[in-house]
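Please keep the sequence and the structure in view while reading.

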Amino acid sequence: MNTTIEKLLNDQIKFEASASMQYLAMASWADQKGYNGVAEFFYLQSEEERAHMIKLVKFVNERSGIVIVPQLDEPRATFNSLNELFEIFLESEMNVTQQINHVIYECLQHKDYNVHNFMQWYVTEQLEEEAVARGLLDKLNIIGDDKSGHYLFDRDINTIAAANANPE
Ligand code: FEO
């Protein structure tokens, strides 16, 4: 495997792992605050990011590359509001998308069409995840500081997320 591409895939393993831990910290914060729906949403997001990481680990190994299981910084654990929680969620997904675009750009530069093809799955996944994050944040911006709105958001988060993931 080309060493530049191998390094980029290892970087991507770290980004996915960091996102997984960040979302776990967000789930735990929401759990403490009594937002059970939001907590379940982020517990699941954390698992999904871990799955994204494992998929990369397996792929690099299949291609006889060397995987480096990364050391991670401690994720942020406290948030000022639900709005801030979802702002960070969207920011994190946008960063991951940028990184994936960078990997794809480098695959084309190095004519590594195999990795390029593999990364297409991530492109599709990111489109969906960004749409979900943006949709949830839009709803929270409409709700503002309204406590009963937050109650309903927490109750209905999966329905709102699904509607943004699969727009009609
Ligand atoms: Fe796997 Fe949403 O980044």
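Helices are taken here as DSSP runs of H or I with at least four residues, numbered from the N terminus.

## Confidence

The model is predicted, and the mean pLDDT of the protein chain is 96, with 99% of its residues reaching 70 or more. Among the elements of the chain, the highest mean pLDDT, 98, belongs to helix 2, whereas helix 5 has the lowest, 93.

The 28 residues of helix 3 should span 40 Å at 1.5 Å a residue, and because its end C-alpha atoms lie 41 Å apart, the two values agree.

Asp 112 is found in the loop between helix 3 (82–109) and helix 4. Its relative accessible area is 9%, and because this is under 20%, Asp 112 counts as buried. A polar atom of the Asp 112 side chain lies 3.1 Å from the backbone nitrogen of Val 115. When residues up to four places away in sequence are not counted, Asp 112 touches Ile 5, Arg 63 and Cys 107.

## Nonpolar cores

The largest nonpolar core has 27 residues, and those touching the most other members are Val 38, Phe 41, Phe 42, Leu 85, Phe 86, Leu 136 and Phe 153. Two or more residues are given to this core by each of helix 1 (3–33), helix 2 (36–62), helix 3, helix 4 and helix 5 (147–165). Another core, of 19 residues, lies apart from it, and includes Ile 5, Phe 59, Ile 104 and Tyr 122.

Phe 42 lies in helix 2 and is buried, with a relative accessible area of 0%. Leaving aside neighbours within four places in sequence, Phe 42 is in contact with Tyr 23, Met 26, Ala 27, Leu 85, Phe 86 and Phe 89. Val 38, with residues up to four places away again not counted, touches Ala 30, Leu 82, Leu 85, Phe 86, Phe 153, Asp 154 and Ile 157. Phe 42 and Thr 4, by contrast, are 38 residues apart in sequence and 33 Å apart in space, C-alpha to C-alpha.

Terms used: Residues are numbered from 1 along each chain as its sequence is written. This is a predicted model: local features need pLDDT of at least 70, side-chain atom pairs count only at pLDDT 80 or more; totals for chains, interfaces and linings use all residues. Side-chain values use heavy atoms; hydrogens and water are left out. Buried means under 20% relative accessible area, exposed over 50%, partly exposed in between (1.4 Å probe, protein chains only). A polar contact is a pair of N or O atoms within 3.5 Å; within protein, one must be able to donate a hydrogen and the other to accept it, and residues adjacent in sequence count only if both atoms are side-chain atoms. Contact means heavy atoms within 4.5 Å. A nonpolar core is a set of buried Ala, Val, Leu, Ile, Met, Phe, Trp, Tyr and Cys residues joined through side-chain atoms within 4.5 Å. pLDDT is the predictor's confidence in each residue, from 0 to 100. The expected span of a helix is 1.5 Å times one less than its number of residues.
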